[in-house]
Amino acid sequence: TAALAAKRGERALALSLALAFATPAAVHADPLPAVWNLAPLYASDADWETARKALLADLPKLAALKGTLGKSAKSLLAGLDAISAANLRVDRLRVYASMKQSTDNRDAVNQERSDVAAQLGGEYSSAIAWLEPEIQGLGEAKVGAFLKAEPGLKKHADHLRNSLRLARHTLGAESEAVIAALAPVREATGEARTLLFNANTH
C-alpha cells in the first residue's frame with residue numbers, strides 16, 4: 001500500500017542520513033555530539049514548517065491525478081513522477097521530525113513536531129490512496145505497453161510490477177484511504193510507549 005511504501009522510504013532515508021553523518025569514534029579526541037546535524041534536510045525548524053505547509057498545499061494536486069494514469073504512457077509518467085517527488089518531501093519532513101525528537105523525547109516542541117509530521121503522513125497517504133488500485137486497474141497488458149512506449153517509465157518499473165503483483169492484497173481506493181488516514185493513530189501507540197519509557201529512565 002501507499003502507506004507502507006512511504007514508511008519504507010522514510011526508513012531508507014533515515015539510514016542513509018545516519019551513515020552519512022556517522023564517523024568512526026576512534027578519530028575523535030572529544031565525545032561525539034549528542035544531537036543530529038540536520039542542516040542537509042532543513043536549515044532550521046522554521047524552514048521545516050515552511051516545507052510542511054507547502055506540501056500540505058500541494059496534496060489536492062496529487063489527489064487530482066486520480067483517473068489520469070491510464071490516459072497515456074506520458075500521463076502515467078507524469079503522475080508517478082509527481083507522487084515520487086512528493087513522497088521524498090514527506091520522507092524528509094518525517095525524518096527531520098523523528099531525529100529531532102530522538103535527541104530528547106521529553107521535549108514538548110519536538111513531540112508536537114513529530115505528531116504533526118505523522119498527521120501529514122496520514123494526509124499524504126490518503127491523498128494518494130487511489131494510486132495502487134488505479135495501477136492495478138490498468139492491467140498487466142496496458143502497463144507493459146506503456147513501459148515499452150515510454151522509456152522514462154523505466155525508473156518506475158519495479159513499482160508498477162510490484163503493484164500488479166499485490167493486486168489481490170489491495171483494497172479499493174476508498175478503503176485504502178480510510179486505512180491511510182488511521183496511520184497516525186497506529187503510530188501513536190508506539191510513540192506513547194517510547195515517551196513513557198524515557199520518562200521512567202530519566
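Modeller: Helices (H or I, at least four residues) and strands (E, at least two) are DSSP runs, numbered from the N terminus. This is a predicted model, in which local features need pLDDT of at least 70 and side-chain atom pairs count only at pLDDT 80 or more, while totals for chains, interfaces and linings use all residues. Residues are numbered from 1 along each chain as its sequence is written, and side-chain values use heavy atoms, with hydrogens and water left out.

Colleague: Which pattern does the protein follow when it is read along the sequence?

Modeller: The protein has eight helices and zero strands. Read from one end of the sequence to the other, the pattern is therefore written with helix symbols alone, given how helices and strands are defined: α-α-α-α-α-α-α-α.

Colleague: What percentage of the residues in the protein is buried?

Modeller: A residue is called buried under 20% relative accessible area, exposed over 50%, and partly exposed in between, using a 1.4 Å probe and protein chains only. For the 202 residues in the protein, the buried share is 36%.

Colleague: Which residues does Tyr124 contact, leaving aside its neighbours within four places in sequence?

Modeller: Contact here means heavy atoms within 4.5 Å. Tyr124 is itself one of the buried residues of H4. With the neighbours within four places set aside, its contacts are Leu59, Leu62, Ile83, Ala86, Asn87 and Val90.

Colleague: How far does H4 reach from its first C-alpha to its last?

Modeller: The expected span of a helix is 1.5 Å times one less than its number of residues. H4 has 20 residues, for which 28 Å is expected, and the computed reach is close to that, at 29 Å.

Colleague: Is Asn110 buried or exposed?

Modeller: Asn110 lies in helix H4 (residues 108–127), and beyond four places in sequence it touches Lys100, Gln101, Thr103 and Asp104. Its side chain also joins that of Arg113 in a polar contact of 2.9 Å, a polar contact being a pair of N or O atoms within 3.5 Å, where within protein one must be able to donate a hydrogen and the other to accept it, and where residues adjacent in sequence count only if both atoms are side-chain atoms. Because its relative accessibility is 8%, Asn110 counts as buried.

Colleague: How many salt bridges does the structure hold?

Modeller: A salt bridge is a side-chain nitrogen of Lys or Arg within 4 Å of a carboxyl oxygen of Asp or Glu. One of them joins the side chains of Lys61 and Asp58 (3.3 Å, N to O). The number of salt bridges in the structure is nine.

Colleague: What separates Arg52 and Glu49 in helix H2?

Modeller: The side chains of Arg52 and Glu49 meet in a salt bridge (2.7 Å, N to O). Arg52 counts as buried at 15% relative accessibility, whereas Glu49 counts as partly exposed at 25%. Because they are three residues apart in helix H2, the separation is about one helical turn.

Colleague: How many residues apart in sequence are the parts that Lys74 and Glu150 tie together?

Modeller: The side chains of Lys74 and Glu150 meet in a salt bridge (3.3 Å, N to O). Lys74 lies in helix H3 and Glu150 in the loop between H5 and H6, so the parts that this pair ties together are apart in sequence by 76 residues.

Colleague: Which distance separates the C-alpha atoms of Arg168 and Gln136?

Modeller: Arg168 lies in the loop between H6 and helix H7 (173–181), and it is exposed, with a relative accessible area of 75%. Arg168 and Gln136 are 32 residues apart along the chain, and their C-alpha atoms are separated by 9.5 Å.
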